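Dear colleague,

Please find the structure below, followed by a summary of what was found in it.

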Amino acid sequence: MLRFTFSLALMLLSFSTVAQEKKTTKTDSIKKDSVILKKERYGLRVGVDLFKLTRSFYEKDYRGLELVGDYRLTRRHFIAGEIGNENKTVDDDRVNFTTKGTYLKVGFDYNTYENWGNMENVISLGMRYGVSSFSQTLNSYTLYNPYPYFGAVAEVPSGVISKGLSAQWIEIVAGVKAKVFNNVFMGFSFRINRLLSQKKPDNFDNLYIPGFNRTYNGNFGVGFNYTVSYFIPLYKATVKPKEVPAAKKKK
């Protein structure tokens, strides 16, 4: 899945580059000494995580929806965020539980990709601060049996509900967005999460946190999303051309 997504992103970027080359062939006749002023678009991009949306259809123990957005502040800096909800049932060897809740992530992205012409693609690195409010229902559990030779321990039904749980974390984000049609972008991102604080239920750990995903070693997690978004242009800004050093001009 990840290999397919990465290949798709590279293909989208290549497609966008080829399309841009065709658009810029008309400027070949312009003299080299001419000053070309380029205008870039600024605005809001909103979309949805297709991974969570489609997962709700093929995975019976999962329901989730995530909306994504970013706003371009400068040529390379974006304010970015995600908001969503999840309902996930986890069935482990010794415990079965259901987590329900909502989450919000806010932060920034930095575009490392050097666009040319009218390209608006993004290869970004960024960070998020995430908060989640949720509840957990302990459906059933199995007691540890130190003497398995004397028979298995029966599963114990529970139904205990823990409400008012919460968590806070930070994320390191790496992602790609490529324009495939006019104002329409496809993209994906990978995330590494680190818990800052959490409120746990009594005698139980938060093994799954909405927005954070599965917890590993108590404090770490990973995430992934695959998005389609629409860009809403608000205004344009003129990009000043780079100054050529005097020594190069003489040559």
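**Findings**

Buried residues (under 20% relative accessible area, 1.4 Å probe, protein chains only) make up 41% of the 251 residues in the protein chain. This is a predicted model, in which local features need pLDDT of at least 70 and side-chain atom pairs count only at pLDDT 80 or more, while totals for chains, interfaces and linings use all residues. Residues are numbered from 1 along each chain as its sequence is written, and side-chain values use heavy atoms, with hydrogens and water left out.

The chain has 3 helices and 10 strands (DSSP runs of H or I, at least four residues, and of E, at least two, numbered from the N terminus).

The whole structure holds 3 cavities of 30 Å³ or more (sets of points on a 1 Å grid over the protein atoms alone where a 1.4 Å probe fits but cannot get out; lining residues have an atom within 4 Å of a point). The largest cavity contains about 190 Å³ of space. Of its 21 lining residues, Glu82, Arg128, Lys177, Arg191 and Asn225 are the closest to its centre. The second largest cavity has a volume of about 70 Å³, and its lining includes Tyr103, Arg191 and Asn225.

Yours sincerely

Definitions and conventions
Buried < 20%, exposed > 50% of the residue type's maximum accessible area, 1.4 Å probe, protein only. 1 Å grid on protein atoms, 1.4 Å probe; cavity = no way out; pocket = protein on both sides within 12 Å on 5 of 7 lines; lining within 4 Å. Points joined across faces, edges and corners; volume = space filled by probe spheres on them.
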